[in-house]
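Morning, everyone. I have one structure to show you today. Please take a look before I start.

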Amino acid sequence: MFRFFKNFIDKVAPKDHRLINADYDQDWINGVGKPEYSALFSKIDSLLHNDKNKKILDIAGGNGKLALLLSNKYKTFLVDRIPGFIQQAIKNGFPEEHSLVSDILKENFTNKIGTFDIVVMKSSMHEFSKKLMPQIHRIIFNAINPGGYYIDWDVHTSNIKIASWLKSFINTKDHLAGLENLTRDRWFYTQEEIIESLQKTGFKNVAVFKHFFYTVSVQKFAKAYWNSEKNRTSEFYSYAVEAVKTAPDEIKWNLENEDVIIQIPATMIIAEKSV
């Protein structure tokens, strides 16, 4: 069903995520590729019945990697609040007329680009504070046509213990990277929190349809966030070696060639807006 996408996936998906130049490639950092994209595209094709006239929105979509792939089959739009990301997406070949710089919390972007049959948010929900979750879900709900769907791809954990450990670990990385602004709002949601909020918003048939892992590492973070600068890398490595010893059982890890490799459970969640 997702055969149309296979050639594109083969070209862009990491075969060995540790051997690819980072260049702030979110998928490289998170260690995801062909299996995850295939699961997403298969679900989308089944929901839209391969109807090329259906509209999809990649919301908070960064530099548009996902949007560009989707645009090869469906009428796809991209929204992000950072102009540089949108400019990079356009440079990479995403249609400028389907791109919009917009702060979704402050602007009604549907006035400019309409509503959609599917809205996808990939690896972004955890950057919104917990108090904003109901507002984010209401905005997304209002952007979806009746009978449409929302798909949330992110680290939504099975329990609060995993979420708390992960927040502490990632915030330590961002403190070292000088990204204090990200640590203030970040919240790693549990699956239960996301599902309950979506149901309260009005979505139906909310469920996890894909379980997988992000595979991150000290060396990948170091390369992406501070160009592998020796002192910060050493400090983060020392921290990580001790931190993983307190990680919940669901988080898998190992030490390898002066690196700490960590597997973090992630999910794709689907929600339906009733007709």
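Let's begin with Glu36. Glu36 is buried, yet it has no salt bridge. Buried means under 20% relative accessible area, exposed over 50%, and partly exposed in between, with a 1.4 Å probe and protein chains only. A salt bridge needs a side-chain nitrogen of Lys or Arg within 4 Å of a carboxyl oxygen of Asp or Glu. For Glu36, the nearest side chain of opposite charge is Lys210, 5.9 Å away. Lys and Arg count as positive, Asp and Glu as negative; His and the chain ends are not counted.

A word on the source. This is a predicted model: local features need pLDDT of at least 70, side-chain atom pairs count only at pLDDT 80 or more, and totals for chains, interfaces and linings use all residues. Residues are numbered from 1 along each chain as its sequence is written, and side-chain values use heavy atoms, without hydrogens and water.

Back to Glu36. Where is it found? In helix H3, residues 34-48. What does Glu36 contact, leaving aside neighbours within four places in sequence? Trp153, Phe212 and Met268. Contact means heavy atoms within 4.5 Å.

Now the whole protein. It has 12 helices and 8 strands. These are DSSP runs, numbered from the N terminus: helices are H or I, at least four residues; strands are E, at least two. Of the 275 residues, 52% are buried. Take contacts between residues at least 6 apart in sequence: 70% join residues at least 24 apart. Finally, the C-alpha atoms fill a box of roughly 50 × 40 × 35 Å, along the principal axes.
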